[in-house]
Amino acid sequence: MKRFWVWAMGMCALQGTLSAQLTLEACYRAARENYPLVRQFDLIERTKDFTVENATKSYFPQLGFSGKASYQSDVTKMPFSIPGVEFGLDKDQYQLVLELNQTIWDGGVVRNRKEEARAESEVQKGQLEVNLYALDDRVNQLFFGMLLIDAQLAQNALLQAQLARNHGQVSACMQQGIANQADLDAVAVEQLNARQTESELRVNRKAYAEVLGLLTGRKGIDAERLVKPSVTVEPLEENRRPELSLYESQRQQLSVQEKGLTARYMPKLGVFAQGAYGDPGLNMLKGGFEPYYIAGVRLSWNISDLYTRKNDKRLLAASRDDIDVQEAVFRLNNRMETAQQWRTVEKIDTLMKNDDELIRLRTNIRKSAEAKVENGTLTVTEMLREVTAEDQAKQTKALHEIQRLQALYDIKYTMNH
């Protein structure tokens with residue numbers, strides 16, 4: 001039974017450790033889900049559906065009601081008179097009309113309106129994707145900033161352990177008469193400096209964690225262990241930035257608008273029916289109120305849009321050229337930025353080639369310095385200088401590793417891989 005409880009407690013501890021791990025991809029997802037702007041996706045989709053539905057209803061029968069009361073200065077009169085026949089029209093007239101119109105063919109106007117609604121929706125979504133994509137860069141800066149601090153904290157722990165051993169070594173040398181209290185105090189000063197550095201690093205990490213927590217909507221990030229990501233990026237991979245999709249959506253929108261120019265000047269065909277009650281009715285010669293109806297087919301053709309069609313097409317062509325220029329500028333800037341980032345990776349790779357050898361040499365020098373202190377041939381201050389130099393070499397290696405990883409993720413962000 002005791003073994004079971006030990007095993008259970010171990011599994012709970014392991015589960016707690018695993019659940020406290022935080023990956024960069026999880027931060028990406030959380031930041032996107034938490035950012036208020038993401039709610040606009042649903043609003044854009046609903047707006048598109050409403051607009052398309054309204055356009056479809058244009059094919060529904062259109063019912064209208066109108067009324068009219070008028071008085072005119074003169075009426076139609078016969079140029080002759082007929083004995084026994086009295087003819088005359090009233091100058092006041094009244095009319096109530098209920099009219100029903102049904103579109104049979106509109107030249108493609110409704111279809112184009114629906115296509116424009118969908119195209120506009122795609123452009124809005126594309127712009128929203130561009131805005132949300134910038135979150136990844138902010139997450140990168142915060143996440144890798146915390147990773148760098150974690151590496152510095154790990155090295156600081158090693159430094160404090162080394163100084164603790166040095167403190168014991170100097171204490172032993174004091175007992176042998178080859179060191180004094182000032183030497184021991186010098187080690188204590190370095191220990192205090194290391195602890196102060198640790199405190200400063202932890203404060204900085206907490207600040208990074210608070211901002212990342214606000215961005216992702218996660219609590220307690222400062223207590224979570226960050227998982228160092230791994231990434232491979234090929235120099236010739238295709239660019240998949242959301243800006244390029246946005247440019248394509250804008251071109252599609254212009255194409256739909258160009259089709260709309262043709263639909264606007266096409267003839268329209270429909271049927272109508274009117275039911276009315278008025279004075280006079282259809283028989284102008286018969287006075288008094290009476291009902292009547294009119295039904296028929298209506299053909300209309302407004303050719304005034306032809307006057308501006310050529311210039312409208314030129315405006316659309318200019319807009320398309322502007323999009324092409326924007327995309328060309330974006331691609332050029334993107335390539336230049338990527339090239340600079342690859343040079344940064346190559347520079348860090350060059351620096352990292354010497355890190356391990358430098359650390360090995362500094363470690364040998366530090367060990368030799370410790371041996372000389374025990375033999376009384378080197379001062380404690382000189383030994384501490386070598387301890388600090390070794391620590392600096394290790395910190396430089398840790399910095400290079402995080403910088404290289406972040407540089408690769410910068411390339412990944414720039415190319416959207």
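Mentor: Two strands pair if DSSP finds at least two bridges between them. Keep that in mind for this model, which is predicted.

Trainee: Which residue in strand 6 is the bridge partner of Phe-272?

Mentor: Start with the strands. Strand 5 covers residues 268-279 and runs antiparallel to strand 6, joined by eleven bridges. In strand 6, the residue bridged to Phe-272 is Gly-296.

Trainee: Which strands are the edge strands of the open sheet?

Mentor: The sheet has four strands with antiparallel pairing, in the order 2-3-5-6. From one strand to the next, the twist averages 20°. An edge strand pairs on one side only, and this holds for strand 2 and strand 6.

Trainee: How many of the ten residues of strand 2 are buried?

Mentor: Buried means under 20% relative accessible area. Strand 2 is hardly covered, and its count of buried residues is zero.

Trainee: Are helix 4 and helix 6 roughly parallel or roughly antiparallel?

Mentor: Helix 4 takes in residues 109-176, and its axis comes within 9 Å of that of helix 6. The crossing is left-handed, and its contact has nine nonpolar, eight polar and seven charged residues. The axes cross at roughly 165°. Angles over 145 degrees count as roughly antiparallel, so the two helices are roughly antiparallel.

Trainee: How many charged residues are in the contact of helix 6 with helix 7?

Mentor: Helix 6 (residues 242-264) packs on helix 7 (residues 305-375) at about 175°, with the axes 10 Å apart. That angle makes helix 6 roughly antiparallel to helix 7. Their contact has seven nonpolar residues and seven polar ones, while the count of charged residues is twelve.

Trainee: Which element gives the most residues to the largest nonpolar core?

Mentor: That core has 33 residues, and among those with the most contacts inside it are Leu-24, Val-139 and Tyr-409. Helix 2, helix 3, helix 5, helix 7 and helix 8 are among the elements that give two or more residues to this core. With nine residues, the element that gives the most is helix 4.

Conventions
Residues are numbered from 1 along each chain as its sequence is written. This is a predicted model: local features need pLDDT of at least 70, side-chain atom pairs count only at pLDDT 80 or more; totals for chains, interfaces and linings use all residues. Side-chain values use heavy atoms; hydrogens and water are left out. Buried means under 20% relative accessible area, exposed over 50%, partly exposed in between (1.4 Å probe, protein chains only). Axes are lines fitted to C-alpha atoms, for helices over the stretch in contact, and angles run from 0 to 180 degrees between N-to-C directions. Angles under 35 degrees count as roughly parallel, over 145 as roughly antiparallel, 65 to 115 as roughly perpendicular and the rest as oblique. Ala, Val, Leu, Ile, Met, Phe, Trp, Tyr, Cys and Pro count as nonpolar, Asp, Glu, Lys and Arg as charged, and the others, Gly among them, as polar. A crossing is left-handed if the near helix is turned anticlockwise from the far one by less than a right angle, and right-handed if clockwise. A nonpolar core is a set of buried Ala, Val, Leu, Ile, Met, Phe, Trp, Tyr and Cys residues joined through side-chain atoms within 4.5 Å.
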